[in-house]
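Me: I have this one open on my screen and would like to go through it with you. Could we take it piece by piece, with the cut-offs spelled out as they come up?

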Amino acid sequence: MKKIFYLLVFSCMILSSCEKALDEPAQGVVSGDDLSTPENIDKMVIAAYSALGNDHYTSPYSSMWPYGSVRGGDTYKGGDGPGDLSEFHLFETFSLNRPDNALLDQLWFRLYIGVGRANDALIKMDAVAESAYPNKVQRQAELRFLRGHFYFLLKILFKYVPYIDQNTKKADYATISNKALSNDALWTKIADDFRAAAKDLPVDQGDQGRVSKNAAKAYLAKVLLYQAYVQGENNSVSGIDAAKLNEVNTLCDEVIASGKFSLNTDYASNFLSAGDNKPESVFAIQYSKDDGTPKGRLDYGHALNYPMNQEYGCCGFNIPSHDLINAYKTDLNGLPLFTTYNNTDAAAALDFQTSSFDPRLDHTVAKPGAPFKYKPAFVFQRSWARAPAIYDAFASMKEAVLPDDPSFQKVPPFIGSSKNWAVIRYADVLLWKAEALIELNRPFEAVPLINQLRSRANASKTLLKNASGNATSNYNIQLYQPGVNCNWTPEYARQALRFERRLEFATEGYHFFDLVRWGMASQTMNAYFNIEKSRVAHLGDARFTAGRDEYFPIPLNQINFSGGVYKQNNGW
């Protein structure tokens, strides 16, 4: 079983004291002074790492599937119907969401726990001399990376959040508004954490899971790419900052030139426990089992996302939409059907032979009659679906593991695994660079980058066979050849890049945030609803309101706790 270096020892991390009821010292309590030693500060760093995967199925953030996949049209919420985790149904339909949605408040709270752990460790670290703590500079860089990650998630979810770092006095917390910084200034604060991390982190780490210099450069590129799309108060995109795009391109070049990363030969390796920490993994959350704790440190963020057959048993969430399934169709040239993919519904007909498809379909979507997770004898059945009359009978596969996989662990009635979850893959780096080049009016330089992913997808068919050895679907995927099979204009290149991001990262939790960054969330989601609500009744009330629904509202509880210091987002 893989060894994870940052298991949290809870008894060492209690940061407050309580009154003594007896003369004996309280057990399991650590004073602030006790924590100010290099050994215990290192444990606080471990606690900050632990926060990466300490989410819960009601407010997952290790994977952003309810906020990026469900809200982006890649998946339906799933479960037993709209009333099952109804807060997620409100996310999916937009029109019915409210500032008093309790799971938004929980999500905000949990992400700020991550920020707080990083800040607490940085405060203790600042008070210790480097001569007494030789790892000080490196650990500070790790903490700034982690804090940047939590703030990035808060930023793409809520847009305006209060920025608190280790230099902020706790007495001042209540005075800091979520509007103290402009949209652009808040992005810069987040970028500053990754700049500092990239400067002081080593290229290689001895412990798997600790962040590296190249991971920080990649994350900085991601932040700058988001920041480059200039947004106004109404969330519309008014321009693109070329200077930031140039820096994105440079950072991606540095990560590529490091020689530390490459695409896995088979796309499947990204979603198998045997592929953990392989060359495509730039930054991944590490999980564990058989680690001395009762159930292990498992991937609870995906605990609901397994089928309902007896080998699993719960709970049928994150169901691929018909729109997503149809998006994998290809034309006679093996290229995507940008505007016509949804004209016929292969998902409804369960016909995956008449049309041709990108092989990534069958790495992403479990279909009735097809093998589940590359095991020919383990065939996904309609009966495995929890509510097929509502959400149809498909399932998301990337997050799942087989019941005989060494990482699998039942936590009845839910499912867990110790398989890594990648936050940044090398495929991201290639497509961020391609996107920057296209928006810098250098579209032809993006072609080989996009084609690397398409070439890998074409080579990733070995595991996509049924028990008879036949291909699960009719595959035809080809490379873009400007002037031969496509007219590579800037607009066509932009469509190709955006489609490629969806196909490559479908169900991984970020599609909606791409749409917001590009300024096309309203257009895309309302077009999606216009067609998809004729296929699934649960979307009957769905409607996206431009200028509001690009971001969640600031949770009402947080506004109340702040005494009105926090201000509500536009449109809410």
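Me: Let's start with F94, buried or exposed?
Reply: F94 is buried, at a relative accessible area of 3%, where buried means under 20%, exposed means over 50% and partly exposed is what lies in between, using a 1.4 Å probe and protein chains only. Bear in mind that this is a predicted model, in which local features need pLDDT of at least 70, side-chain atom pairs count only at pLDDT 80 or more, and totals for chains, interfaces and linings use all residues. Residues are numbered from 1 along each chain as its sequence is written, and side-chain values use heavy atoms, with hydrogens and water left out.

Me: Which ring does F94 pair with?
Reply: Rings of Phe, Tyr and Trp (its six-membered ring) pair if their centres lie within 6.5 Å, and the pair is stacked with planes under 30 degrees apart, edge-to-face over 60 and tilted for the rest. F94 forms an edge-to-face pair with F544, at 4.9 Å centre to centre and 65 degrees between the planes. F94 lies in the loop between α3 (86-93) and α4 (102-126), and F544 in the loop between α17 (521-532) and α18 (556-561), so the pair ties together parts that are 450 residues apart in sequence. Those helix and strand names are DSSP runs numbered from the N terminus, with helices being H or I of at least four residues and strands E of at least two.

Me: And F544 itself, buried or exposed?
Reply: F544 is buried as well, with a relative accessible area of 4%.

Me: What about the rings of F378 and W384, how are they arranged?
Reply: Their centres are 4.9 Å apart and the planes stand at 50 degrees, so this pair is classed as tilted. F378 is buried at 9% relative accessibility, and W384 is buried at 10%.

Me: Switching to the core, how many residues are in the largest one?
Reply: The largest nonpolar core has 155 residues, and F145 and F152 have the most contacts inside it. Helix α5 (residues 136-158) supplies the largest share, 12 residues. A core here is a set of buried Ala, Val, Leu, Ile, Met, Phe, Trp, Tyr and Cys residues joined through side-chain atoms within 4.5 Å.

Me: What does F152 touch?
Reply: Leaving aside residues up to four places away in sequence, F152 touches W187, I190, Y219, K222, V223, Y226 and Y510, where contact means heavy atoms within 4.5 Å. There is also a second, separate core of 14 residues, which includes A366, V401, L402 and I415.

Me: Next, α14: what covers its buried residues?
Reply: The cover includes β14 (421-425), α13 (426-439) and α15 (490-505). The buried residues of α14 include V447, L449, I450 and R454.

Me: Where does L497 come in?
Reply: L497 lies in helix α15 and is buried, with a relative accessible area of 2%. Among the residues that L497 touches are L431, E435, I450 and W518. L497 and E435 are 62 residues apart in sequence, yet 6.6 Å apart in space, C-alpha to C-alpha.

Me: And β14, which strand does it pair with?
Reply: Strand β4 (residues 281-285) pairs with β14 in the antiparallel sense over 4 bridges, pairing being counted when DSSP finds at least two bridges between two strands. R425 in β14 is the bridge partner of S281. Since 4 of the 5 residues of β14 are buried, the strand is largely enclosed by the rest of the structure.
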